[in-house]
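Hi! Here are my comments on the model you asked me to look over. Keep the picture open while you read, and find each residue as it comes up.

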Amino acid sequence: MPVIAGVNHILGRVTDVGPKTATVRLITDPNSQVLAIICRHVDGKTIQLLEKPFLIKAQGNGQFGSDVIPKTSGVSIEKNDIVLLKDPEWPAKLQHFILGVVTDVGTNPRQMLRYQVRARADI
């Protein structure tokens, strides 16, 4: 089961349930990874920047990132862009829920045609 904050922010998912407690793996737990997309709000509209979802890996301390996003012509990822869930292993009604906000963008030093993106969970 997913754990949601507010209306559309994903915190994580329940991994174990006991009689009076539940264990939740946060989306930023170093053992978490999901497929996501990046969008930007422009003039009251949400624009999807990438056609295909990419893998993000949690880094702990409220952060996650990816270094596998291809640099495509005409598209640039920027600080404050929004990271949304786009993972078929999660329920359909949660697709496009918010995972976080881009905090840093650069070039992957090992693959110059890919971005290196860091984001933080945003609630």
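The points below go from the overall fold to single residues.

1. **Before you start.** This is a predicted model, so to speak: local features need pLDDT of at least 70, side-chain atom pairs count only at pLDDT 80 or more, and totals for chains, interfaces and linings use all residues. Residues are numbered from 1 along each chain as its sequence is written, and side-chain values use heavy atoms, with hydrogens and water left out.2. **The fold.** What is the protein built from? You'll find zero helices and 10 strands. Reading from the N terminus, the order is β-β-β-β-β-β-β-β-β-β. The radius of gyration is 15 Å, close to the 14 Å that the globule rule gives for 123 residues, so the protein is as compact as a globular protein of that length. That radius is taken over C-alpha atoms, and the rule is 2.2 Å times the number of residues to the power 0.38. Along the principal axes, the C-alpha atoms fill a box of roughly 50 × 35 × 25 Å.

2. Of the 123 residues, 35% are buried. Here buried means under 20% relative accessible area, exposed means over 50%, and partly exposed is in between (1.4 Å probe, protein chains only). The accessible surface comes to about 7600 Å², and 52% of this belongs to carbon and sulfur atoms. Accessible areas are from the Shrake-Rupley method with a 1.4 Å probe, and for residues only the protein chains shown count as cover.

3. **Contacts along the chain.** Take the contacts with a separation of 6 or more: residues 24 or more positions apart account for 49% of them. A contact is a pair with heavy atoms within 4.5 Å.

4. **Charges.** There are 15 positive and 11 negative side chains, and the centres of the two sets lie 2 Å apart. Lys and Arg count as positive, Asp and Glu as negative, while His and the chain ends are not counted. Each charge is placed at NZ of Lys, CZ of Arg, CG of Asp or CD of Glu. How many salt bridges does a search of the whole structure find? The search gives four, where a salt bridge is a side-chain nitrogen of Lys or Arg within 4 Å of a carboxyl oxygen of Asp or Glu.

5. **A buried pair.** Look at Arg40 and Asp81, whose closest N and O atoms are 2.7 Å apart in a salt bridge. Arg40 sits in strand 4 (residues 33-42) and Asp81 in the loop between strand 7 (63-70) and strand 8 (82-85), which puts the partners 41 residues apart. Are they buried or exposed? Arg40 and Asp81 are both buried. Glu78 joins Arg40 and Asp81 in a network of salt bridges.

6. **Two other bridges.** Arg110 and Asp67 also meet in a salt bridge, at 2.7 Å from N to O. Arg110 is in the loop between strand 9 (98-107) and strand 10 (114-121) and Asp67 is in strand 7, so the pair ties together parts 43 residues apart in sequence. Arg110 is exposed at 64% relative accessible area, whereas Asp67 is partly exposed at 25%. Then there's Asp29 with Arg25, where the N to O distance is 4.0 Å. Asp29 is partly exposed at 25%, and Arg25 is partly exposed at 36%.

7. Which way does phi go at Asp43, positive or negative? Phi there is positive, about 50 degrees, although Asp43 is not a glycine. Asp43 is in the loop between strand 4 and strand 5 (45-48) and counts as exposed at 75% relative accessibility. Asn61 also has a positive phi, near 55 degrees. You'll find Asn61 in the loop between strand 6 (54-60) and strand 7, and with 78% relative accessibility Asn61 is exposed.

8. Leu49 lies in the loop between strand 5 and strand 6 and is buried, at 12% relative accessibility. Leaving out residues up to four places away in sequence, Leu49 touches Ile38, Cys39, Arg40, Val75, Ser76 and Asp81. Those neighbours include Arg40 and Asp81, the buried salt-bridge pair of point 6. Thr107 is in strand 9 and is partly exposed, at 32%.

Terms used: Helices (H or I, at least four residues) and strands (E, at least two) are DSSP runs, numbered from the N terminus.
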